[in-house]
Amino acid sequence: MSRRVFDESFRKMAIALSYTKGSVKEVADELGINHTLLSKWRQQESESGQGAAELTEDQKLIKKLQKELKDAQMERDILKKAVGIFSKGDGRYSDL
């Protein structure tokens with residue numbers, strides 16, 4: 001099996017996308033590469049002094065909004081579970 005070679009522009013795009021989405025595994029799956037390879041590229045970039053500083057203002061805003069969305073979804077899921085627990089209880093919580 002031959003080894004795939006990726007050019008520098010693909011690597012930079014993959015790294016930037018992984019910072020934007022916040023998930024190395026998700027981006028690696030989308031691009032069809034191994035997530036350990038993408039992690040290695042990110043580590044090499046951060047060691048060279050570039051890191052997340054290359055993100056544009058729009059990318060930073062997208063990352064912030066994605067984090068807020070993820071937090072809100074987690075809170076919603078917790079509340080759904082709590083409602084389920086209280087609604088199927090033995091009546092102890094029906095007075096609330």
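Let me begin with residue classes: Ala, Val, Leu, Ile, Met, Phe, Trp, Tyr, Cys and Pro count as nonpolar, Asp, Glu, Lys and Arg as charged, and the others, Gly among them, as polar. The model is predicted, so local features need pLDDT of at least 70 and side-chain atom pairs count only at pLDDT 80 or more, while totals for chains, interfaces and linings use all residues. Residues are numbered from 1 along each chain as its sequence is written, and side-chain values use heavy atoms, with hydrogens and water left out.

I start with the core. A nonpolar core here is a set of buried Ala, Val, Leu, Ile, Met, Phe, Trp, Tyr and Cys residues joined through side-chain atoms within 4.5 Å. Buried means under 20% relative accessible area, exposed over 50%, and partly exposed in between, with a 1.4 Å probe and protein chains only. The largest such core has 11 residues, including Phe-6, Ile-15, Tyr-19, Val-27, Leu-38, Trp-41 and Leu-55. Two or more residues each come from helix H1 (8–21), helix H2 (24–31) and helix H3 (35–47). Helices (H or I, at least four residues) and strands (E, at least two) are DSSP runs, numbered from the N terminus.

Next, the rings. Rings of Phe, Tyr and Trp (its six-membered ring) pair if their centres lie within 6.5 Å; planes under 30 degrees apart count as stacked, over 60 as edge-to-face and the rest as tilted. How many aromatic pairs does a search of the whole structure find? It finds 3. In one of them, Phe-6 and Trp-41 have ring centres 5.5 Å apart and planes at 75°, so the pair is edge-to-face. Phe-6 is in the segment before H1 and Trp-41 in helix H3, 35 residues apart. Phe-6 is buried, at 15% relative accessible area, and Trp-41 is buried too, at 5%. The rings of Phe-10 and Trp-41 have centres 6.2 Å apart and planes at 90°, so this pair is also edge-to-face.

Now the pockets. On a 1 Å grid over the protein atoms alone, a cavity is a set of points where a 1.4 Å probe fits but cannot get out, and a pocket is an open set with protein on both sides within 12 Å along at least five of seven lines; lining residues have an atom within 4 Å of a point. Grid points are joined across faces, edges and corners, and a volume is the space filled by probe spheres set on the points.

The largest pocket has a volume of about 250 Å³. Phe-6 and Trp-41 are among its lining residues, as are Arg-3, Arg-11 and Lys-40. H3 gives the most to this lining, with 4 residues. By class, the lining has 5 nonpolar, 1 polar and 4 charged residues.

The second largest pocket holds about 200 Å³. Its lining divides into 1 nonpolar, 4 polar and 5 charged residues. Which helix gives the largest share of that lining? H4 does, with 5 residues. Gly-22 and Gln-66 are among the lining residues. Gln-66 is partly exposed, at 32% relative accessible area. Gln-66 and Gly-22 are 44 residues apart in sequence and 8.4 Å apart in space, C-alpha to C-alpha.
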